[in-house]
Protein chains: 2
Amino acid sequence: DLVASTAACFAEGPLAGQRVVISAGPTREAIDPVRYLSNNSSGKMGFALARSAARLGAEVCLIAGPVSLPTPAGVERIDVLSALDMHSAASTALTRCDIFIGTAAVADFRLSSVAEQKIKKDSSGPAPSLALVENPDIIAMVAQHPLRPRRVIAFAAETEHLEQHAGKKLATKQVDAVVANDVSRTDIGFGAEHNEILWVGAHNTVAFGPANKSAVADFILQQIINLDLHHEPS
Amino acid sequence: DLVASTAACFAEGPLAGQRVVISAGPTREAIDPVRYLSNNSSGKMGFALARSAARLGAEVCLIAGPVSLPTPAGVERIDVLSALDMHSAASTALTRCDIFIGTAAVADFRLSSVAEQKIKKDSSGPAPSLALVENPDIIAMVAQHPLRPRRVIAFAAETEHLEQHAGKKLATKQVDAVVANDVSRTDIGFGAEHNEILWVGAHNTVAFGPANKSAVADFILQQIINLDLHHEPS
């Protein structure tokens, strides 16, 4: 951590001196000791952003759900499993954070109770149903926190009505921009090497891609840098 | 396939000329286009068995759920996602199968209906609950099939009462043996490199391990070979 911090002090590039916190991947919500709820997020977009941000001189902290991806060079990584774990790690990270980018596909719901032993199948009775409760909204917590980072960027994984959902998310969550992508397509989004996104800020909506996730990451970081260059209030 | 079959014809070893079908890994049950139910199975035990069986001369077909493991050399691999997919692949494989080893942690339940679009969070209403229906029992289907393989081995991932659960499974599913392991321990079982198992056959119960999963695989295959050596009726 000291080495990384020291390196960041001497870093060059448009994000030198900035601490960027990125959440990535899915979360896992336990049902019992072996079963869980999760989603198809591969974490690739968040890891690409971490790599690009480090290359642009930022000090990067990556809060990663369960993914099988190597940590980008020079990036501090915090591994978490559940949405509550990720919420807690994000909260802690706010003590030192200039830019927060929430790419993680955080589970909206967790089980209302987690079984201590593996639930046994009992074909005699009716099939069970899983009662859920809503998880806390991490990106809204970050954007509305007393220690709010200067810039907060949300992601929206949608399967329809991208711009409409993104616009709504921008307003309700009070973030600086929402990056929306269509995860119903198999050529882009979850698991794919490429992405095609819609950047929806307060003053501009820009489409980018399809392009590889590294190029998309560079584009997104440039948009974030532009927010300050254009002196938009944070 | 022809190359593999030809190779198997010339293979040496105690399993030469035998076709071994192994299911491995978890299954994923879709909730909507991005969310799913799954479990912590890493597939490592099944992949270790596939590797060992091929080394012992068998022609091996590995039906794999979503795992990030390389295919062992000389092994035919069929990738599947859901329990229904795996059921169908296992069914098809029975046309040519001498030994079936069900290591997969097949989801007992799937969603009663899969949403076509991503389910949106709506904090105004009550949290949803997920209605489930039971999946078909793949190992029971295999063991009770008109094309039943000569040997059918089930796995039981338990968190308590191993021998009792395994004995019950042996009888109800009509398999030749049940391999039970305790997945509540973090040093063995799901995700771990090691395993400690209880082989529960009709005439013997043998504990093995802790040992690395490759040694456990060799032990299990030797037990299966012993079933024939001791002329136990299949």
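# Briefing on a predicted two-chain model

Between chain B and chain A there are 21 residue pairs in polar contact, both residues being at pLDDT 80 or more; a polar contact is a pair of N or O atoms within 3.5 Å, where within protein one must be able to donate a hydrogen and the other to accept it, and residues adjacent in sequence count only if both atoms are side-chain atoms. The model is predicted, so local features need pLDDT of at least 70 and side-chain atom pairs count only at pLDDT 80 or more, while totals for chains, interfaces and linings use all residues. Residues are numbered from 1 along each chain as its sequence is written, chains are lettered from A and ligands numbered from 1 in the order in which they are written, and side-chain values use heavy atoms, with hydrogens and water left out.

**The contact between the chains**

- Chain B contributes 34 residues to the contact, and chain A contributes 34 residues; contact means heavy atoms within 4.5 Å.
- The copies meet through the same surface, because 100% of the interface residues of chain B are also interface residues in chain A.
- About 3300 Å² is buried between chain B and chain A, with 50% of it on carbon and sulfur atoms. Buried area is the accessible area (1.4 Å probe) that two parts lose on being put together, summed over both.
- On the side of chain B, the residues that lose the most area to chain A are B:V34, B:Y36 and B:K121, which together make up 18% of what that side buries.
- The two chains are joined by 2 salt bridges, a salt bridge being a side-chain nitrogen of Lys or Arg within 4 Å of a carboxyl oxygen of Asp or Glu.
- In one salt bridge, the side chain of B:D108 meets that of A:R35 at 2.5 Å, N to O.
- Three elements of chain B give two or more residues to the side that touches chain A: β3 (35-39), β8 (129-134) and β9 (151-158). Helices (H or I, at least four residues) and strands (E, at least two) are DSSP runs, numbered from the N terminus.
- The element that gives the most to this side of chain B is β8(B), with 6 residues.

**Aromatic pairs**

- Over all chains, a search of the whole structure finds 2 aromatic pairs. Rings of Phe, Tyr and Trp (its six-membered ring) pair if their centres lie within 6.5 Å; planes under 30 degrees apart count as stacked, over 60 as edge-to-face and the rest as tilted.
- A:F208 and A:F219 form a stacked pair, at 4.3 Å centre to centre and with 10° between the planes. This pair links distant parts of the chain, 11 residues apart: A:F208 is in strand β12 (residues 205-212) of chain A and A:F219 in helix α6 (residues 213-229) of chain A.
- A:F208 is partly exposed at 25% relative accessibility, whereas A:F219 is buried with a relative accessible area of 13%. Buried means under 20% relative accessible area, exposed over 50%, and partly exposed in between (1.4 Å probe, protein chains only).
- In chain B, the rings of B:F208 and B:F219 have centres 4.3 Å apart and planes at 10°, so this pair is stacked.
- B:F208 counts as partly exposed at 25% relative accessibility, and B:F219 is buried at 13% relative accessible area.

**Backbone features**

- The peptide bond from A:G209 to A:P210 is cis, with omega near 5°, and A:P210 is placed in strand β12 of chain A.
- In chain B, a cis peptide bond with omega of about 5° joins B:G209 and B:P210, and B:P210 lies in strand β12 of chain B.
- Although A:Q174 is not a glycine, this residue has a positive phi of about 60°. A:Q174 is in the loop between α5 (162-173) and β10 (177-182) of chain A and is partly exposed at 47% relative accessibility.
- B:Q174, also not a glycine, has a positive phi of about 65°. B:Q174 lies in the loop between α5 (162-173) and β10 (177-182) of chain B.

**Surroundings of B:S23**

- B:S23, in strand β1 (residues 19-24) of chain B, is buried with a relative accessible area of 5%.
- Not counting residues up to four places away in sequence, B:S23 touches B:I63, B:M86, B:F100, B:I101, B:G102, B:T103 and B:A104.
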